[in-house]
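Here are my notes on this model, point by point. Please read them with the structure open.

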Amino acid sequence: MKDDITKRRFEDLVDKSYKYNKFTFTSFLTEAELSEFFEMRLPVSSADYKISGGREGADRVMIRFGNPEELGYEEEFPICCIKVEPLQKKFADNLTHRDFLGALMNLGINRSELGDILVDDKAAFILCTENMADFLCSEITRVRHTTVNAVRVSEIPENLGEKVSEEEVQVSSERIDGVISKIYRISRGNCVELFRTKKVFVNSKCTENNSYMLKEGDRVSVRGFGKFRFLTIGGFTRKGNKIVKFERFIS
């Protein structure tokens, strides 16, 4: 049922864009919802839509429907960035992503109105829809036991990009199930179950093909375990196994 609702929402936005000759936007999408979009056979080409989450490599993104050349104008994504920080940093709790998200959910906000939340030394940069920005600035006054202030900012600091650690594992091949099994230290059987239950995404597309051969740059998300980017084969062991280099995303 949820899949059908999501698909109808995409179809409706595409139809409105064509019918009224204007850009239309989704709310922030989960990785699963974005995967559903890629799987649909909508009457759009790559020039008729654009994807953005307000920053490079965003987890939660919007889709904009409409071709600028055909519409004759450009329109930016309705995404704002709010900085939330303690009024007295010295006495503030050590606030986490979960703390900030919890404070937002307590305000009764729909999660689809919120994009990524990036935490930096007790402060957070929250991406949200334009419609929600003023509300957040006025209503976020406390996170856990810490009094905070929220203001709009024009951009996210460059050093707040995704944090990664470069690591390596030994595998027999680039098969995705074998690589996932080694990285997250789970059995091949349990790994296959992850594919069957649609918990594995490659470049934001859900895949049930556990024999897929990873390519350089592939970004893999395993729900419940984490994310990594496949880099390259860095060499071979004496037994002929391959040494896979990858980047593990650190939350």
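1. Two strands pair if DSSP finds at least two bridges between them. Strands are DSSP E runs of at least two residues, helices are H or I runs of at least four, and both are numbered from the N terminus. This is a predicted model: local features need pLDDT of at least 70, side-chain atom pairs count only at pLDDT 80 or more, and totals for chains, interfaces and linings use all residues. Residues are numbered from 1 along each chain as its sequence is written, and side-chain values use heavy atoms, without hydrogens and water.

2. Strand S4 (residues 79-86) has two partners. It pairs in the antiparallel sense with strand S8 (residues 146-153) over 6 bridges. Here Cys 81 stands opposite Val 153. S4 also pairs in the antiparallel sense with strand S6 (residues 123-129), over 6 bridges. There, Ile 79 stands opposite Thr 129.

3. Is S4 enclosed or open? Of its 8 residues, 6 are buried (under 20% relative accessible area; 1.4 Å probe, protein chains only), so S4 is largely enclosed by the rest of the structure.

4. Glu 31 lies in helix H2. Beyond neighbours within four places in sequence, Glu 31 is in contact (heavy atoms within 4.5 Å) with Phe 201, Ser 204 and Ser 221. The C-alpha atoms of Glu 31 and Arg 60 are separated by 6.9 Å. These two residues are 29 apart along the chain.

Key: Buried means under 20% relative accessible area, exposed over 50%, partly exposed in between (1.4 Å probe, protein chains only).
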